[in-house]
Amino acid sequence: SQAIKDYTDALTNEAYDEYDIREAKIALHNRCTALFKIEEIEEGIKDCKKILEIEPTYAGPHMNLAAIYFYRRNNAEEALYHLNKVLELNPAEISAYALRSDIYFNQGKYQEAISDFSEILKRDPNDKNWFLRRALTYITLQKYPEAIEDFSSYLKLEPNSQKAYIERALAYVALRKYREAI
């Protein structure tokens with residue numbers, strides 16, 4: 001595509017001064033993202049790795065690599081490595097917690113997923129979906145009181161959710177609290 005060609009043209013000179021390093025980092029990151037979008041995965045990975053050679057403390061390419069390794073390569077361990085780097089560099093990066101929680105959940109590491117859901121909710125307590133996801137994970141672990149609390153928090157933000165009412169009722173039933181389930 002023309003965007004990839006333009007980024008490539010911008011990167012032809014590799015003798016960067018301090019200003020050019022910032023520009024090269026941005027151009028490489030944008031080209032890397034564009035390459036991933038058109039499924040040129042290997043070239044995108046090369047660009048991400050080159051960015052990290054130029055600027056090892058830049059979290060963006062680690063996030064891109066994490067997504068590629070998880071969604072396109074089924075390599076959860078490599079994805080987790082890059083997500084942990086993102087969070088080391090930027091502990092407030094919600095998208096890194098979100099992807100890492102998906103990986104943990106898929107691996108059956110439910111407690112780790114819950115920890116990441118909790119981190120997200122600390123940073124954005126009005127994002128109702130994380131209450132629901134954490135509640136459903138608590139159900140998986142048979143932690144019904146915690147699940148009920150999260151379903152209730154979710155329902156405060158999304159009062160018309162039939163699924164949340166049904167799941168909360170099932171949690172009450174599991175605790176033999178039949179009146180609350182009604």
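1. **Basis.** This is a predicted model, in which local features need pLDDT of at least 70, side-chain atom pairs count only at pLDDT 80 or more, and totals for chains, interfaces and linings use all residues. Residues are numbered from 1 along each chain as its sequence is written, and side-chain values use heavy atoms, with hydrogens and water left out.

2. **Fold.** The protein has eleven helices and zero strands. Both are DSSP runs numbered from the N terminus: helices are H or I of at least four residues, strands are E of at least two. The order from the N terminus is α-α-α-α-α-α-α-α-α-α-α. Of the 182 residues, 40% are buried. Buried means under 20% relative accessible area, exposed over 50%, and partly exposed in between, with a 1.4 Å probe and protein chains only.

3. **Core.** In soluble globular proteins, nonpolar side chains tend to be buried together. Here the largest nonpolar core has 40 residues. Such a core is a set of buried Ala, Val, Leu, Ile, Met, Phe, Trp, Tyr and Cys residues joined through side-chain atoms within 4.5 Å. Phe36, Ile45, Leu83, Leu99 and Ile103 touch the most other members. At least two residues each come from helix 2, helix 3, helix 4, helix 5 (76–89), helix 6 (94–106), helix 7, helix 8 and helix 9. Helix 4 supplies the largest share, seven residues.

4. **Aromatic pairs.** There are three aromatic pairs in the structure. Rings of Phe, Tyr and Trp (its six-membered ring) pair if their centres lie within 6.5 Å; planes under 30 degrees apart count as stacked, over 60 as edge-to-face and the rest as tilted. How are the rings of Phe105 and Tyr110 set? Their planes are at 65 degrees and their centres 5.1 Å apart, so this pair is edge-to-face. Phe105 is partly exposed at 31% relative accessibility. Tyr110 is also partly exposed, at 24%.

5. **A pair between helices.** Phe117 and Trp130 make a tilted pair, with 5.7 Å between centres and 35 degrees between planes. Phe117 belongs to helix 7 (residues 110–123) and Trp130 to helix 8 (residues 128–140), so the pair ties together parts that are 13 residues apart in sequence. Both Phe117 and Trp130 are buried.

6. **Charge over a ring.** Lys25 places its charged end over the ring of Tyr58, 4.4 Å from the ring centre. The criterion is NZ of Lys or CZ of Arg within 6 Å of the ring centre and within 35 degrees of the ring normal.

7. **Largest pocket.** Rolling a probe the size of a water molecule over the atoms shows where empty space is left. The largest pocket has a volume of about 190 Å³. On a 1 Å grid over the protein atoms alone, a pocket is an open set of points where a 1.4 Å probe fits, with protein on both sides within 12 Å along at least five of seven lines; lining residues have an atom within 4 Å of a point. The volume is the space filled by probe spheres set on the points, which are joined across faces, edges and corners.

8. **Pocket lining.** The lining includes Phe36, Lys37, Glu39, Tyr71 and Arg72. Helix 2 (18–37) and helix 4 (59–72) are the elements that give two or more residues. Helix 4 gives the most, with six. By class, the lining has five nonpolar, two polar and three charged residues. Ala, Val, Leu, Ile, Met, Phe, Trp, Tyr, Cys and Pro count as nonpolar, Asp, Glu, Lys and Arg as charged, and the others, Gly among them, as polar.

9. **Positive phi.** Most residues other than glycine have a negative phi. Glu39 has a positive phi of about 70 degrees. Glu39 sits in the loop between helix 2 and helix 3 (41–54) and is partly exposed, at 46%. Gln142 has a positive phi too, near 60 degrees. Its loop runs between helix 8 and helix 9 (144–157). Gln142 is exposed, with a relative accessible area of 57%.

10. **Contacts across the sequence.** Ile120 lies in helix 7 and is buried, at 0% relative accessibility. Its C-alpha is 8.8 Å from that of Glu93, 27 residues away along the chain. Glu149, in helix 9, is exposed at 55%. Glu149 and Ala135 are 7.8 Å apart, C-alpha to C-alpha, and 14 residues apart in sequence.
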